[in-house]
Amino acid sequence: MKQNKFKFQTPLGLKDILPQDQGYFEKVYSTADKYAKFYSFERIDTPILENYELFLRGTGETTEIVEKQMYLLKTRGGEYLAMRPEFTPSLARSYFEQGMISWPHPVKIYTRGPVFRHEKPQAGRYRQFHQINLEVFGSNNAITDVEIIWIFYSFLGALGIKNLVVMVNSIGNSQCRPYFKKSLTRCLKSNESHLCVDCKRRLKINPLRVLDCKEEKCQRIINQAPQILDYLCEECRRHFKNVLEYLDALEIPYNLNPYLVRGLDYYTKTVFEIAVQPEDDQAKKNALVGGGRYDDLLKLIGKRNISACGAAAGVERIINTMKEKDLKPDSWPPPKIFIAQLGDRAKIEALKLIESFKKNNIQAGFSLTKDSLANQLKIANKLRADWSIIIGEEEVVKKSVIIRNMEDGNQETVLQNTIIEKVKSLLKKEKAKKRK
Ligand code: HAM
């Protein structure tokens, strides 16, 4: 027969999450769930697929995400759908569609799950990744911006991630930003020939995005460009001043970064990112969290003036940081008990016994596919079980079990219906011995 040369592999930039990483995901998600509950954010799950126009409008037509990175598909019914590249437009859609507008305000929403961006795969950048996302709808108060920064900052701290720095900026609103844009465009145009190819394109579509460029030649021009903070209107200036005062009061370390603009179109006023402070100043800061205020997005999606603010954390980037810093998730404790069996009827009794231990919340190891007792006891030793419970044909008939101390090899026979109590008292004695 001809060999099948085709080898199935995950598509580029997508990966399997293997058992050794599941503990990290569980730790990050369970910590996020606790934080969300504590700060009164309600969980919502939205579909992975949405009408693609939602992101075209919401995320913004001129963003890299919509221009280059969105996974688009045409259904058999001829509909155009997108795999969500972020959560914010989906949650804004849900806010209107599900009538959250009539809920007590502000509405605080929490969601988490996979998002998809067709980016060039590289360290910390994947095509399917997971986000933890918080949004607040219906508050224009600067304390909301800081509440979100504070929650993400202390959430990362609870995972053991220290040396964090918050980068913060204000990009103004539809009143003041056009003046800044005009002045920035003038400056960039006069230096256009020195800009990189990407920035030449950005200059035409959205000059603000040039400020985000990391190319050295563009950096030289950016350093001489006008700064948005000098152009803020009174309302934006006051809002930003309040944000910085609250950050100071909470002693959250921040860097005011006048070039932070973020790659999404909807932001107004405050924008921020949280990253681990790199040891070497030149090292790249990979943001763990990104977010900001977006007071105009809900008008675009639901035709109502509703202020909003939110942020998202990248789960894989958090896990990579935990690994770099040797922060391990709590591992499941190994079983103290191992159940071994000999013979077909004994296998059935063993299964019943496993279920009784489970009901009593006592973790038990077993290997029902192995027939030899020696092989099963080898596994018990590998698991470092303190006791093995052995059931053979004779024990099935007598409704008994043998309990064997794995350290000294001593064993005794007890009735099956007393084994749970027996094990409980052994575990209790062991605990008391450890305490001494
Ligand atoms: P974002 O900055 O695009 O913002 O993404 C938030 C976080 O997701 C980043 O800080 C990063 O940790 C992670 N992330 C982004 N792209 C990738 C990637 N390709 N691979 C791995 N991780 C990645 C948003 O998505 C906004 N929706 C946040 C927001 C919510 N703003 C207001 N509300």
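Asn 163 is exposed in the predicted model, with a relative accessible area of 55%. This residue sits in the loop that connects helix 5 (142–158) with strand 7 (164–170). Its phi is positive, about 55°, although Asn 163 is not a glycine. A second residue of this kind is Arg 384, whose phi is positive at about 60° and which is not a glycine. Arg 384 is placed in the loop between helix 13 (373–382) and strand 14, and counts as exposed at 69% relative accessibility. Most residues other than glycine have a negative phi, and most peptide bonds are trans. A cis peptide bond is found between His 105 and Pro 106, with omega at about 0°. Pro 106 belongs to the loop between helix 4 (88–97) and strand 5.

Strand 5 covers residues 107–116 and includes Val 107. Val 107 has a relative accessible area of 3% and is buried, because the cut-off for that class is under 20%. When neighbours within four places in sequence are left aside, the contacts of Val 107 are Tyr 95, Met 100, Glu 135, Val 136 and Phe 137.

Another buried position is Ala 287, at 16% relative accessibility. In contrast to Val 107, which is in a strand, Ala 287 is in a loop, between strand 9 (270–276) and strand 10 (289–293). Apart from residues up to four places away in sequence, Ala 287 touches Glu 273, Ile 274, Ala 275 and Arg 317. Ala 287 and Gln 277 are ten residues apart along the chain, and their C-alpha atoms are 9.9 Å apart.

One is made of three strands in the order 2-4-3, with antiparallel pairing. Its edges are formed by strand 2 (49–51) and strand 3 (71–74); each has a single partner strand, so one side of each lacks a neighbour in the sheet. Strand 3 and strand 4 form a hairpin with five residues between the strands, in which Gly 78 takes a positive phi near 90°.

The other open sheet has five strands in the order 13-12-14-15-16, and its pairing is mixed. Strand 13 (364–366) and strand 16 (411–415) are the edge strands, each pairing on one side only. Neighbouring strands are turned against each other by 30° on average, direction ignored. Strand 14 (residues 387–391) and strand 15 (residues 400–405) run antiparallel and are joined by four bridges; the bridge partner of Ile 390 in strand 15 is Ile 402. Helix 12 (residues 344–359) packs on this sheet and touches strand 12 (337–341), strand 13, strand 14 and strand 15. The direction of helix 12 makes about 160° with that of strand 12. Helix 15 (residues 419–435) also packs on the sheet, where it touches strand 12, strand 14, strand 15 and strand 16. Between the directions of helix 15 and strand 14 the angle is about 170°.

The second largest pocket holds about 470 Å³ of space. Its lining consists of 27 residues, and those nearest the centre are Arg 177, Lys 181, Asp 265, Tyr 266 and Tyr 267. Helix 2 (52–58), helix 6 (177–190), helix 7 (197–205) and helix 10 (297–302) each contribute at least two residues to this lining. Classed by type, the lining residues of the pocket are twelve nonpolar, seven polar and eight charged.

Terms used
Residues numbered from 1 in each chain as written. Predicted model: local features only at pLDDT ≥ 70, side-chain atom pairs only at ≥ 80, totals over all residues. Heavy atoms only, no water. Buried < 20%, exposed > 50% of the residue type's maximum accessible area, 1.4 Å probe, protein only. Contact = heavy atoms within 4.5 Å. Pairing = 2+ DSSP bridges. 1 Å grid on protein atoms, 1.4 Å probe; cavity = no way out; pocket = protein on both sides within 12 Å on 5 of 7 lines; lining within 4 Å. Points joined across faces, edges and corners; volume = space filled by probe spheres on them. Nonpolar A, V, L, I, M, F, W, Y, C, P; charged D, E, K, R; others polar. Axes fitted to C-alpha atoms, helices over the stretch in contact; angles between N-to-C directions.
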